[in-house]
Amino acid sequence: MNHQRRHTRHIRKSGVTFEAGQGVENKDLAKEFSAVAREVWGPIIDKITLHARVGSDRPHMAALVSKGGHGGRRLIGTHLCRAKREYTLEVKLEFMSLTPEQRRKIMVHEAVHIGCGTHNSTFQKICTDHGGAVCMNALNKDVEYAIQTKPKEGRTRFKDLKVFSVRGEAMAYGKSYSNEHRNLRVRIQTR
Ligand SMILES: [Zn+2]
């Protein structure tokens, strides 16, 4: 109760117009969300405070609420160059009974919102690159990460080398394969 009131007041003070302060603070979820956000945006995330609250009565399964900092351009290409000071991930109670993979897909989606306010093409690219759900319909679809190669010379197409279901494993494989095969272009394709 106290938490809720304090949170709402802070947000009002910062001049942000949304209604916030719903749900109960959950530090474990905040930790989980921070790890996901760091995977998406890199070490810049360490400069931002991320909170999480469970039990929101918003219409969506999850929402990202922010306060402080700049409202201007946040991306250079697909790199986050600045962000607001604090973000809160607010999720409905049902979120906690989703599978870890479903939760991750939603958290990637919300983490991408730190850099992209809308669901534009940049948002969609970053989101799918990290195995996030672009929309709720994508939640139950399995994501595959294919490591693909093609010769640096000539006009051949990329071909699948190996397919993974865990992004980190695909990235590690792709990196070491690329180091050992300097004559090849190696890329990761999410689908
Ligand atoms: Zn969204």
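Me: What makes a stretch of this protein a helix or a strand?
Reply: Helices are DSSP runs of at least four residues and strands are runs of at least two, numbered from the N terminus. In this predicted model, the protein has 5 helices and 9 strands. From the N terminus on, their order is α-β-α-β-β-β-β-β-α-α-β-β-α-β.

Me: How do you know that the span of helix H3 is close to what is expected?
Reply: The expected span is 1.5 Å times one less than the number of residues. Helix H3, residues 100-112, has 13 residues, for which 18 Å is expected. From its first C-alpha to its last, H3 reaches 18 Å, and therefore its span is called close to the expected one.

Me: Why is H3 called mostly covered?
Reply: A residue counts as buried if 20 or more other C-beta atoms lie within 10 Å of its own. In H3, 10 of the 13 residues are buried, so the helix is described as mostly covered. Among them are Arg103, Lys105, Met107, His109 and Ala111.

Me: What covers the buried residues of H3?
Reply: The cover includes helix H2 (27-41) and helix H4 (121-129), together with strand S3 (62-67) and strand S6 (86-91).

Me: What makes a group of residues a nonpolar core, and which residues touch the most other members of the largest one?
Reply: Such a core is a set of buried residues of the kinds Ala, Val, Leu, Ile, Met, Phe, Trp, Tyr and Cys, joined through C-beta atoms within 7 Å. The largest core has 29 residues, of which Phe33, Ala37, Val40 and Ala111 touch the most other members. H2, strand S2 (49-54), S3, S6, H3 and H4 each supply at least two residues of this core, and H2 gives the most, with 6 residues. In soluble globular proteins, nonpolar side chains tend to be buried together.

Me: Which residues is phenylalanine 33 in contact with, leaving aside its neighbours within four places in sequence?
Reply: Phenylalanine 33 is in contact with Leu50, Ala52, Leu89, Met107 and Ala111.

Me: How do you know that strands S7 and S8 pair?
Reply: Pairing requires at least two bridges between two strands. Strand S7 (residues 145-151) is joined to S8 by 5 bridges, and therefore the two strands pair; they run antiparallel. In S8, aspartate 160 is the bridge partner of glutamine 148.

Me: Why are S8 and S9 called edge strands?
Reply: An open sheet is formed by 3 strands in the order S8-S7-S9, with antiparallel pairing. Strand S8 (159-164) and strand S9 (184-190) are its edge strands, as each pairs on one side only. Direction ignored, neighbouring strands of this sheet are turned by 25 degrees against each other on average.

Definitions and conventions: Residues are numbered from 1 along each chain as its sequence is written. This is a predicted model: local features need pLDDT of at least 70, side-chain atom pairs count only at pLDDT 80 or more; totals for chains, interfaces and linings use all residues. A residue is buried if 20 or more other C-beta atoms lie within 10 Å of its own, exposed if 12 or fewer, and partly exposed in between; C-beta atoms are placed from the backbone. Two residues are in contact if their C-beta atoms, placed from the backbone, lie within 7 Å. Axes are lines fitted to C-alpha atoms, for helices over the stretch in contact, and angles run from 0 to 180 degrees between N-to-C directions.
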